[in-house]
Amino acid sequence: MIHNTATINLKSVNTTHDKEGSLIAFGIAEFYYRSKEGVVTDEIPFRSKGAPAVVINEQGEGVHGTAEGYLDLVVDNRGEYKEKIATFVIRNFISTQPINELTQVSKNSHSPETPDFVKELLEDNVTSTNEDLDEEPPF
């Protein structure tokens, strides 16, 4: 199994029940990754069962979230060649808001100029020689 944690967008959500009555949610999920061309969007089929399926069913289509699970590879025998089809099996799903814009801020862009009285206090503390540095620490 290939374990994975990904931020996904649920493009389609369908539901059914198994023989025991557990909810099964399945559909198409959209995920993003970086490549040489920049941010790339790709789709993968997903399925989930039980508690994560209930959360996905309640949230519906178009929801962004963080999904934990694994990739299930199924071999499809197509005559002369075999095709591997990947499905993302979701074991845990938490809905989140999408990050629309990332902004990097430098450290000094929001910090105001140091006030004069603070500079004076710092200079007084640094230049004062009232302390005897050869003294043993009090502890």
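These are my notebook entries on a predicted model, written as I looked things up.

**Entry 1: the overall layout**

I started by listing the elements, and I found two helices and five strands in the protein. Reading along the sequence, I wrote down the pattern β-β-β-α-β-β-α. Next I asked myself: in what order do the strands of the barrel run? The five strands form a closed barrel in the order 1-2-3-5-4, and their pairing is mixed. I also noted how neighbouring strands of this sheet are turned against each other: by 45 degrees on average, with direction ignored.

Helix 1 was my next stop. I saw that helix 1 packs on the sheet and touches strand 1, strand 2, strand 3 and strand 5. The direction of helix 1 makes about 80 degrees with that of strand 5.

The protein averages a pLDDT of 79, and 69% of the residues score at least 70. Which element has the highest confidence, and which the lowest? I found the highest mean, 92, in helix 1, and the lowest, 62, in helix 2 (residues 116-127).

As an example of facing residues, I noted Val-74, which stands opposite Ile-85 in strand 5.

**Entry 2: the core**

How many residues does the largest nonpolar core have? I read off 16, and the residues with the most contacts inside this core are Ile-8, Leu-10, Phe-46, Ile-56, Ile-90 and Phe-93. Then I looked at which elements give two or more residues to this core: strand 1, strand 2 (23-35), strand 3 (38-49), helix 1 (51-59) and strand 5 (81-95). Strand 1 provides the largest share, four residues.

Among contacts with a separation of 6 or more, 52% come from residues 24 or more positions apart.

**Entry 3: a closer look at Asn-14**

I found Asn-14 in strand 1 (residues 2-17). Is Asn-14 buried or partly exposed? Asn-14 counts as partly exposed because its relative accessibility is 38%, which falls between the 20% and 50% limits. Setting aside neighbours within four places in sequence, I listed the contacts of Asn-14 as Ile-24, Ala-25, Phe-26 and Gly-27. I also looked up the separation between the C-alpha atoms of Asn-14 and Ile-56: 9.6 Å, for residues 42 apart along the chain.

**Entry 4: salt bridges**

My search of the whole structure gave five salt bridges. Side chains of opposite charge can pair when their charged atoms come close.

- Glu-43 and Lys-11 meet through their side chains at 2.6 Å, N to O. I placed Glu-43 in strand 3 and Lys-11 in strand 1, 32 residues apart. Both are partly exposed: Glu-43 has a relative accessible area of 43%, and Lys-11 has 39%.
- Lys-49 and Asp-18 meet at 2.9 Å, N to O. Lys-49 lies in strand 3 and Asp-18 in the loop between strand 1 and strand 2, so this pair ties together parts 31 residues apart in sequence. Lys-49 counts as partly exposed at 48%, whereas Asp-18 is buried at 17%.
- Arg-47 pairs with Asp-72, with the closest N and O atoms 2.7 Å apart. This pair links strand 3, which holds Arg-47, to strand 4, which holds Asp-72, across 25 residues. Arg-47 is partly exposed, at 31%.
- Asp-76, Arg-78 and Glu-83 are joined in a network of salt bridges.

Note on methods
Residues numbered from 1 in each chain as written. Heavy atoms only, no water. Buried < 20%, exposed > 50% of the residue type's maximum accessible area, 1.4 Å probe, protein only. Contact = heavy atoms within 4.5 Å. Core = buried A, V, L, I, M, F, W, Y, C linked by side-chain atoms within 4.5 Å. pLDDT = per-residue confidence, 0-100. Pairing = 2+ DSSP bridges. Axes fitted to C-alpha atoms, helices over the stretch in contact; angles between N-to-C directions. Salt bridge = Lys/Arg side-chain N within 4 Å of Asp/Glu carboxyl O.
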